[in-house]
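Dear colleague,

I am passing on the structure that we spoke about, and my notes on it follow directly below.

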Amino acid sequence: MTFLNYLLSGISLGSIYAIIALGYTMVYGIAKMLNFAHGDVIMVGAYICFFAVSRFALPPLVGVLAAMAVCTVLGILVERLAYKPLRAAPSLAVLITAIGVSYFLQNGAQLLWTPNPKVFSSVVGTGRLALFGGQLTVSYVTITTIVSCIVIMVALTLFTGNTKMGKAMRACSEDKGAAQLMGINVNSTISVTFAIGSGLAAIAGVLLCSAYPNLVPTTGSMPGIKAFTAAVFGGIGSIPGAFLGGLLLGVIEIFAKAYISTQLSDAVVFAVLIVVLLVKPTGLLGKQIREKV
Amino acid sequence: MMLTVENIHVYYGAIHAIKGISFDVNEGEVVALIGANGAGKSTTLQTVSGIMHPRSGKITFLGEDITHTDGYKLPAKGLAQVPEGRRIFLQMTVMENLEMGAYVQKGKVPEADFENVFSHFPRLKERRSQIAGTLSGGEQQMLAMGRALMSHPKLLMLDEPSMGLAPILVEEIFNIIQEFHASGTTILLVEQNAEMALQIADRAYVLESGSIALSGTGAELAQSDEIKKAYLGG
């Protein structure tokens, strides 16, 4: 049963990575940039939810929605102010800007909310579900996290596969010039992508802090990097890849913590990433369509 | 007058690529821009499409000044382009590519629009659910043309539609351009294959290093000694 417990915690942590990784991978797919500030949007989302619930005594669901609304606006603003002026700039300039935005958000949070840790209270309570006559217990947070991840994954797959906007996003991610010739407004499509990614980041922030309640201005940075790893692991630009990469990363991390060493768990995670990239440089589900001429 | 281009100057940074080109396209015409590689044909077309903007000069489409209009707003006004190198969405299916072509249409795309494309390109119908990247070069060109038709363009601009295709396919592509024309679409054609272009063009302009060197009817230019020597192999 301990194995099953570890597996469930791994899937739960992996679900959070997957939700964050979706934001990374969608933005990369369409804007061809690594938005290293994405992890810090998670932190902002968690703070908004924290204040909504703890200070203003709003219901948790309202807190989550408020966090999503604020992060969506934040994502659009960051894109407009920091990244859009660099659309034609070399990718290195954009990357450095993203790191700058990341520090800006972290320091802004320190200034606004102090570096003192806040104790985040889980939005779904601390109850546990007992299975197999109490041999296996699963927290509501774990269940909510896994279910949220599945719902988000299905919704995004339907959105990109079946809606006009979703298809336009795929068209832009493949060829912005051609998309523009179709009458697609590439700039607003990029904004929508940032909005979706940041809204998801807010959910991830709330789930993350529900499971690990210590909230500080740097809360988002390590999960952000892990989720970026997950996105590369699964094949950056691919939505199912982010899902698979996130889940695997979470499970590997928890197993490494449980069976190898707590201190070495991150090293194990990154070692697995290196091996995967050596064998399959485009990631697990990274596409390499050969063009016929 | 459907399209009027007046004395446009276009730059790539410091490079003066288009040095004062003027031409026009009347409704119902096939107009060709021909010239050697690097003469500025594609740049001219991209400037009309709003992908690039001229530093000076004026472009008018159906009476409206579109000189500085963002490119994505033009398909809704009736301007469509089949870009050089096809630029279809390789990871999307044939149907999805056609749907993208109809992006500016509100609501659901009518089945008749797809059928119209398939009537010109029966092969695309057979491959409708195939991923576009798996099509042959000729089929990809057909898809790029079909995709452009989906927006019901008043003016269809084709950039090097014959590039990289076998001679038999080039014939087929040009026949289809004439079909489009016969069904009422005005055509602006950019081609290096001057011989084919002049055969179907009502009028043509010859571009040389960013300026118009010659213009006339297709038949006149096909007979011109200069053209014969420079582009038609004697």
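R87(B) is partly exposed, with a relative accessible area of 33%, on a scale where buried means under 20% relative accessible area, exposed over 50%, and partly exposed in between (1.4 Å probe, protein chains only). The side chain of R87(B) meets that of D175(A) in a salt bridge at 2.6 Å, N to O, the term being used for a side-chain nitrogen of Lys or Arg within 4 Å of a carboxyl oxygen of Asp or Glu. This pair crosses between chains, running from D175(A) in the loop between α6 (164-174) and α7 (176-181) of chain A to R87(B) in the loop between β6 (79-82) and α2 (94-101) of chain B. Helices (H or I, at least four residues) and strands (E, at least two) are DSSP runs, numbered from the N terminus.

Please bear in mind that this is a predicted model, in which local features need pLDDT of at least 70 and side-chain atom pairs count only at pLDDT 80 or more, whereas totals for chains, interfaces and linings use all residues. Residues are numbered from 1 along each chain as its sequence is written, chains are lettered from A and ligands numbered from 1 in the order in which they are written, and side-chain values use heavy atoms, with hydrogens and water left out.

To stay with the interface, 23 residues of chain A are in contact with 30 residues of chain B, where contact means heavy atoms within 4.5 Å. The two chains bury about 2,500 Å² between them, 58% of it on carbon and sulfur atoms; buried area is the accessible area (1.4 Å probe) that two parts lose on being put together, summed over both. On the chain A side, E174(A), L181(A) and M182(A) lose the most area to chain B, together 28% of what that side buries. Three salt bridges are counted between chain A and chain B, and besides the pair described above there is one between E96(B) and R170(A), at 2.8 Å from N to O. K164(A) lies over the face of Y103(B), 5.1 Å from the ring centre, by the criterion that NZ of Lys or CZ of Arg is within 6 Å of the ring centre and within 35 degrees of the ring normal. Within chain B, the charged end of R147(B) sits over the ring of F89(B), 5.0 Å from its centre.

Over all chains, the search finds 16 salt bridges. One of them joins D266(A) and K226(A), with the closest N and O atoms 3.0 Å apart; since D266(A) lies in helix α11 (residues 265-279) of chain A and K226(A) in helix α9 (residues 221-234) of chain A, the pair ties together parts that are 40 residues apart in sequence. D266(A) is partly exposed at 26% relative accessible area, whereas K226(A) is buried at 4%. Both belong to a network of salt bridges that links K226(A), E253(A), K257(A) and D266(A).

Turning to the aromatic residues, the whole structure holds 13 aromatic pairs over all chains, a pair being rings of Phe, Tyr and Trp (its six-membered ring) with centres within 6.5 Å, where planes under 30 degrees apart count as stacked, over 60 as edge-to-face and the rest as tilted. The ring centres of Y6(A) and Y259(A) are 5.5 Å apart and their planes stand at 85°, so this pair is edge-to-face. Y6(A) lies in helix α1 (residues 2-31) of chain A and Y259(A) in helix α10 (residues 239-260) of chain A, so the pair ties together parts that are 253 residues apart in sequence. By comparison, Y47(A) and F51(A) form a stacked pair, 6.2 Å centre to centre with 20° between the planes; both lie in helix α2 (residues 38-55) of chain A, four residues apart, about one turn of the helix, and both are buried.

Finally, chain B has an open sheet of four strands in the order β2-β1-β4-β5, with antiparallel pairing, where two strands pair if DSSP finds at least two bridges between them. The edge strands are β2 (15-25) and β5 (64-65) of chain B, each pairing on one side only.

With best wishes
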